Amino acid sequence: DNYMLEVSTPGLTRPLRTDDEFIKFKGRKCKITTKTKDESGRSSYTGVIRAVKDGAVELFVEKENKTFNLNIENISKANLEVEF
């Protein structure tokens, strides 16, 4: 019998799902989409992971010079961003 083995990696834009994954990539840029919108109607954030504490990701958004604390349970999607 012939077999085909295919190996893949999460790649440069790997998804982040757990506290440990966010901690591992602290200092890296990522894009986060939340399940619910904040008070301003926003649900998408792109910034640098500063810290992970108390079940929340501290994300610094440079364009706004502002830090957001996003509850990990409220994150629907998070991927590392490639910087060139």
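# Briefing: strands, a buried threonine and a surface patch

Thr34 belongs to strand S1, which spans residues 29-34 (a strand is a DSSP run of E with at least two residues, numbered from the N terminus). The model is predicted, so local features need pLDDT of at least 70 and side-chain atom pairs count only at pLDDT 80 or more, while totals for chains, interfaces and linings use all residues. Residues are numbered from 1 along each chain as its sequence is written, and side-chain values use heavy atoms, with hydrogens and water left out.

**Thr34**
- Thr34 is buried, with a relative accessible area of 7% (buried means under 20%, exposed over 50%, partly exposed in between, with a 1.4 Å probe and protein chains only).
- The backbone oxygen of Thr36 is reached by the side chain of Thr34 at 2.7 Å.

**Sheet**
- Five strands form an open sheet in the order S4-S3-S2-S1-S5, with antiparallel pairing (two strands pair if DSSP finds at least two bridges between them).
- Strand S4 (66-71) and strand S5 (75-80) are the edge strands, each pairing on one side only.
- Strand S3 (residues 56-61) pairs with S4 in the antiparallel sense over six bridges.
- Phe60 stands opposite Thr67 in S4.

**Surface patch**
- Leu12, Val82 and Phe84 make a nonpolar surface patch of about 410 Å² (accessible areas come from the Shrake-Rupley method with a 1.4 Å probe; patch residues have over 30% relative accessible area and no salt bridge, and nonpolar side chains are joined within 5 Å; a salt bridge is a side-chain nitrogen of Lys or Arg within 4 Å of a carboxyl oxygen of Asp or Glu).
- Phe84, in the segment after S5, is exposed, with a relative accessible area of 96%.

Note on methods. Helix = DSSP H or I, 4+ residues; strand = E, 2+ residues; numbered from the N terminus. Patch = residues over 30% accessible without salt bridge, like charges linked within 9 Å, V, L, I, M, F, W, Y side chains within 5 Å. Polar contact = N/O pair within 3.5 Å; in protein donor to acceptor, adjacent residues only side chain to side chain.
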